[in-house]
Amino acid sequence: MLLEVDSIFMNFGGIAALKGISFSVPEGQVVSVIGPNGAGKTTLFNIVTGFQKPTAGQVRFDGAVVTGLLPHAIAKHGLIRTFQKTEVFPALTVMECVRIGLLNNFQPSLFSVLIGKAEVAAFVKNSALDVAYILEMVGLQSKSEYLAQELSYGEQRLLEIAVGLAARPRLLLLDEPSSGLNAEESARFSTLVRRLQKQKITIVLVEHNMNVVMGVSDQIIVVHHGEKIAEGTPEAVSQNRDVIRAYLGREWVTDAVG
Amino acid sequence: MAFLRSPDPRTGLYLRWPLLAGVLIALPFIGLTGYELHLLIISAIFVILSSSLSLIMGYGGLLSLAHAAFFGIGAYTSALLFMNFRLSMWVGLPAAGIVSAIAAICVGSLFLKVRGHRFVITSLAFVEIMRLIAVNAVDLTRGQMGLPGIAAPILTIPGIGTIDFASKTAFYFLAVGGAAICVWTVARIVHSPIGWGLLALRENENLGESVGVSAFRHAMIAFVVGAFFAGIAGSLYAHYTGFVSPDLFFFSYTVTMLVMVVIGGKATILGPIVGAIAFTFLPEYLRVVAQYRLVLVGVVLLATVLAFPNGLVELWSRWLRPALLHLRTLRSRDNAA
Amino acid sequence: MLDLLPQFVFNGLLIGMSYALVAIGMTMIFGIMNIANFAHGEFYMLGGCITYFIAAKLNAPYLVAVPVSVAAVTVLGFLLERTVFRQLRLKSAMSSVLATIGLGLILQNGALIFFGPQPQAIPTSFSAFPLQLGPIFTTQARLFAVAVTAATLVSMYVFLNHTLYGTAMRATFQQTEAAALVAIPIDRMRGLTFALGAGLAALGGALLGAIFFVQPAMGATESLKAFIVVILGGLGSIPGSIVGGIFLGVAESLGTLVSSAYKDAIGFVLVIIVMLYRPDGLFKKS
């Protein structure tokens, strides 16, 4: 198991947002976390990636305990995330944005920068190639000199993924990546996900778009009111009574399962 | 909209360095008055201050009002070493830089945990505390009376002779040399992966964190390097003017540094240099009295923020970059044809 | 020394209430525009200096000079919001801080040029004879200041909580988007809130100017103190500003028992501590 989420509890001043969630993500799979809005999915992501500390529980990445580490330390393990609201570096060019992702793999000390160590220069020189490769993978190669804030919303989403890819993730957590994308963009995104999976990147999605979820997932985890209510293959989950009840309400259960 | 990008160091700038160096070296010998030379020395010291502040403000995105505190700490360190132990500037200068850097490490490890308005106000509180200490710890600092008689150093080179840096020409080279080292260091950092990390801190801290860029580490680097050079500038100022007082912690010094960074262009290498020279010479040539100078500073700050937030240097490159791109497309069209 | 305690507390109360007046305006501006107004202390200074000008140079009675100068600064505040601050809303946080610093410099040094640097005393018709209330010695001017400030703070409370206009104003700086949704004219509210804040600060300066000296340099310290109070009390909280102001005033006053030189440092150290460990303020409202 690459990622293990172990009994995560999260209380915000009296409100229990997460009530003992546990699941595991095997390496190389695409796992989707779904659930009605307000189910606590983004909070879960924040905890896993270090942006919030859980009230209780543990997160393990490749065996190492990462709970409570600062986000940048977790990122160094290879656990990279995107954000629900698209985040970019607004005043930087697309190329400069992606370049920052490369820092996850190499950060020189102040001393080595000042004395001009060869490995620093080599890194800077190779960064251009690395960035070009990634931009081509997401399809933004023609926009490399544009400022991030000049891109369209869909392009900014791709840029955000590109920045994450530059960090050489072993596991990529995508928070509602297809929100705001039209049907064609969503399809392109699904293709990208499958391509990333071929590159041995494990992917965890939080998603609402069921086409995407059903199309790419090896496993689906359903979260409702801060608890995991179902887990399994897309087919199994789509027939699960608790899932149907959570999403559609009690009336639909007998009809669907029959 | 090429704002916030430094001029490309690969083209043009390399060709300009020898020319610039030649001009700077020749300057004191072309018949300037003592007064003009004095202004050049002050400008050079302020180039150190504004350039180091731009690392924190322009690239790191942190509005630090504490820069004058490190300037003052450096000045007092150097002055006290001279007054109490008769140590020349050759000891005082590096000591000033190191003491300021250590102070920045201590203060920064607390303050750099917060951002935005909180950081600004905390930094202001810090420099005010330093001012109070300088005024009230009379046994150490002689309070408002200050520390006078800080002599400029001399350099004895065996076989050649002695250079007395009390001479303006000699001190000019010292100050310009210091400015050159500071600008070089800042440029080095900015164009390195550490510089990329600083931009990440400025533009989107959370996104940077999510890809392994520690916001705290980069903020500390900028803050401590900035403080180091502010301390160096303090030592130079002390040994040049010969006098150190709590006035160095005054807000007027802080806002002067701010306006120099902002008017030139806060996220460029050239901008703070332009700003420092402009705001040393201009008020002198306009023959303005202190209060009017500060009104001018206020007007420039306000006008710059409202009208051209990225300073004079960006204004220039805003016309330059579209022109360059235009030329590039024309040239590639010619090549393709 | 302990029998002097009530005296020091009373003195601190007086100063603290003036801090509260300035801080209220600052916290409202922060709540409604999300701008830290580094020039706010200058409204306090102008309140004092203009009152001095009217009373000393134009020979008007103090009780006329105070409302006139408060009115003048209120109008100035309104105009500044319309011209400068309106544009700052679109700018980054750093830009707006730099702009208000610039504005503060203009106001402070403009006043220095106009009024001169000398500290001046505002002539009043109050007798300088000390009055004794139990263990406390005070003067008419101080009692007047305390009374007017207390009355103003109470009126503010009533206005904000029990009038339609005041509730609308409070809604705007606590929840701007929601206020806009219920058709509160946000732009007008901003101008009025800003003007009100400026006027309150000016009142503080006018009242305290009759007790202590006025000089153009006094605005800068007041700004910093007001920031400290705003942070102690919680950004955007008016009760917090009042409690925080009094707290700081009394703390500083008691601090002079220990060391009068470092009295100002109390506030600075406090704000650093609060900033780092309780960034939402000491008096958190749940």
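How many Å apart do the C-alpha centres of domain 1 and domain 2 of chain A lie? I looked it up: 27 Å.

**Ground rules**

I'm working from a predicted model, where local features need pLDDT of at least 70, side-chain atom pairs count only at pLDDT 80 or more, and totals for chains, interfaces and linings use all residues. Residues are numbered from 1 along each chain as its sequence is written, while chains are lettered from A and ligands numbered from 1 in the order in which they are written.

**Chain A**

I took the domain bounds from the assignment, which is automatic or from a database. Domain 1 of chain A is 1-78 + 169-258, and domain 2 is 88-168. The contact between them draws 10 residues from domain 1 and 9 residues from domain 2; two residues are in contact if their C-beta atoms, placed from the backbone, lie within 7 Å. On the domain 1 side, helix 2 (71-77) and helix 7 (183-198) of chain A each give at least two residues. Helices here are DSSP runs of H or I with at least four residues, strands are E runs of at least two, and both are numbered from the N terminus. I sorted that side of domain 1 by class and got 6 nonpolar, 2 polar and 2 charged residues. Nonpolar covers Ala, Val, Leu, Ile, Met, Phe, Trp, Tyr, Cys and Pro; charged covers Asp, Glu, Lys and Arg; the others, Gly among them, are polar.

Then I checked confidence, using pLDDT, the predictor's score for each residue from 0 to 100. Chain A has a mean pLDDT of 87, with 95% of its residues at 70 or more. Residues 253-258 of chain A fall below 50, and that stretch has 6 contacts in the model beyond near neighbours in sequence.

**Who touches whom**

I found 2 pairs of chains in contact, and chains B and C share the most contacts. Chains A and C have no contact; their closest C-alpha atoms are 10 Å apart.

For chains B and C, the contact takes 33 residues from each of the two. Helix 4 (93-115), helix 9 (218-233) and helix 11 (263-277) of chain C each give two or more residues to the side touching chain B. Helix 4 of chain C has the largest share, 15 residues. By class, this side of chain C has 26 nonpolar, 5 polar and 2 charged residues.

**Chain C overall**

I counted 11 helices and 2 strands in chain C. Its radius of gyration, over C-alpha atoms, is 18 Å, close to the 19 Å from the globule rule for 286 residues, so chain C is as compact as a globular protein of that length. That rule is 2.2 Å times the number of residues to the power 0.38. The C-alpha box along the principal axes is roughly 55 × 45 × 35 Å. I also noted that 52% of the 286 residues of chain C count as buried. Buried needs 20 or more other C-beta atoms within 10 Å of a residue's own, exposed 12 or fewer, partly exposed in between, with C-beta atoms placed from the backbone.

**Two spots in chain B**

B:G265 sits in the loop between helix 11 (251-264) and helix 12 (270-285) of chain B. B:G265 is buried, with 30 other C-beta atoms within 10 Å.

Last, I checked helix 7 (residues 168-190) of chain B: its 23 residues should span 33 Å, and the end C-alpha atoms are 32 Å apart, which agrees. The expected span is 1.5 Å times one less than the number of residues. Among the buried residues of helix 7 of chain B are B:F171, B:L174, B:A175 and B:G178.
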